[in-house]
Amino acid sequence: MIRRFSKRVFKWTLVGAALAVGVHYGKKAVKVIGKKDFSGERKKKVVILGSGWGALSLVNHLEPGQFDVTVVSPRNYFLFTPLLPSVTVGTVEARSIVEPIRKLMLRHHTVEEMGFLEAECVDVFPEEKRVVCLDKSGIVGDVSRFELEYDVLVVAVGAKSNTFRTPGVEENCFFLKQIGDAQKIRNVLMDLVETASIPDQPLGEQRRLLHVVVVGGGPTGVEFA
């Protein structure tokens, strides 16, 4: 009993430390970009695509007041991805591993020099130094397509899961990259358990319902398993 309690305390201590590192990532970041004094000059326009680890790290390393920065991303929050597997099984709640991206951006910068737009970049014109963005949210107004000019473009949109062109993967499997993926997996797991618990459910059917296959032996796959 004591051993089990100690393991739980140790596990939650790690979770707390991980969240502190993720949410406050870059709080004391070394300011190595933009040390030149641009007073009296036009600020360079920096457009950052994405709101993940790379984008947040760059925002925290930019010297305050030296650039005109716009962050563009379909999601308006920062996601602490290492804890995604824990959300799938209910160890932590989804709201515990997300933080509003604007809140994190404004810890080091003012509203005048740092902006965020919830949209997706659909085209880039490097010769003209401009990007085309589209609002793909559930609620769309009269204007959903817009353009942004830039002096510096930073692409930090992450990567997509590789299916290696295996037939049937896209149609029948769950991926674990976003908060929505974790919530979907959690709901399905709960539904499987509840269905298997129905009285007089045949043993063979219970085994079928509770049979889960995890593809991938990396940190995400092992943690989920």
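This report describes the fold, surface, ring pairs and charged pairs of a predicted model.

## Basis of the model

Local features are given where pLDDT is at least 70 and side-chain atom pairs where it is 80 or more, while totals for chains, interfaces and linings use all residues. Residues are numbered from 1 along each chain as its sequence is written, and side-chain values use heavy atoms, with hydrogens and water left out.

## Overall fold and surface

The chain has eight helices and nine strands. Helices (H or I, at least four residues) and strands (E, at least two) are DSSP runs, numbered from the N terminus. A contact means heavy atoms within 4.5 Å. Among the contacts in the chain with a separation of 6 or more, 59% are between residues 24 or more positions apart.

The chain has 225 residues, and 31% of them count as buried. Buried means under 20% relative accessible area, exposed means over 50%, and partly exposed lies in between (1.4 Å probe, protein chains only).

## Aromatic pairs around Trp 53

Rings of Phe, Tyr and Trp (its six-membered ring) pair if their centres lie within 6.5 Å; planes under 30 degrees apart count as stacked, over 60 as edge-to-face and the rest as tilted. This rule gives two aromatic pairs. One is formed by Trp 53 and Phe 78, whose ring centres are 5.0 Å apart; their planes are at 80 degrees, so the pair is edge-to-face. Trp 53 lies in helix 2 (residues 53-61) and Phe 78 in strand 3 (residues 77-79), so this pair ties together parts that are 25 residues apart in sequence. Phe 78 is buried, because its relative accessible area is 2%, whereas Trp 53 has 30% relative accessibility and therefore counts as partly exposed.

Trp 53 also pairs with Phe 80, and here the rings are tilted, with 5.4 Å from centre to centre and 55 degrees between the planes. This pair links distant parts of the chain, since Trp 53 is in helix 2 and Phe 80 is in the loop between strand 3 and helix 3 (84-88), 27 residues apart. Phe 80 is buried, with a relative accessible area of 6%. Through these ring pairs, Trp 53, Phe 78 and Phe 80 are linked into a cluster.

## Charged pairs

Side chains of opposite charge can pair when their charged atoms come close. A salt bridge is a side-chain nitrogen of Lys or Arg within 4 Å of a carboxyl oxygen of Asp or Glu. The structure holds seven salt bridges. One of them joins Asp 151 and Arg 42, with the closest N and O atoms 3.1 Å apart. Asp 151 is in the loop between strand 8 (145-149) and strand 9, and Arg 42 is in the loop between helix 1 (2-23) and strand 1 (44-49); the two residues are 109 residues apart. Asp 151 is partly exposed at 24% relative accessibility, and Arg 42 is exposed at 56%.

Arg 130 is buried, with a relative accessible area of 18%. The side chain of Arg 130 meets that of Glu 128 in a salt bridge (2.3 Å, N to O). Arg 130 also forms a salt bridge with Glu 147, with 2.9 Å between the closest N and O atoms. Arg 130 is in strand 7 and Glu 147 in strand 8, 17 residues apart. Salt bridges with shared partners join Glu 128, Arg 130 and Glu 147 into one network. Arg 130 also lies over the face of Phe 125, at 4.1 Å from the ring centre. A charge sits over a ring if NZ of Lys or CZ of Arg is within 6 Å of the ring centre and within 35 degrees of the ring normal.

## Positive phi angles

Lys 129 is in the loop between strand 6 (120-125) and strand 7 (130-134). Its phi is near 55 degrees, a positive value in a residue other than glycine. Lys 129 counts as partly exposed, at 40% relative accessibility.

Arg 165 is in the loop between strand 9 (152-155) and helix 5 (169-172). Phi of Arg 165 is near 60 degrees, also positive in a residue other than glycine. Arg 165 counts as exposed, at 82% relative accessibility.
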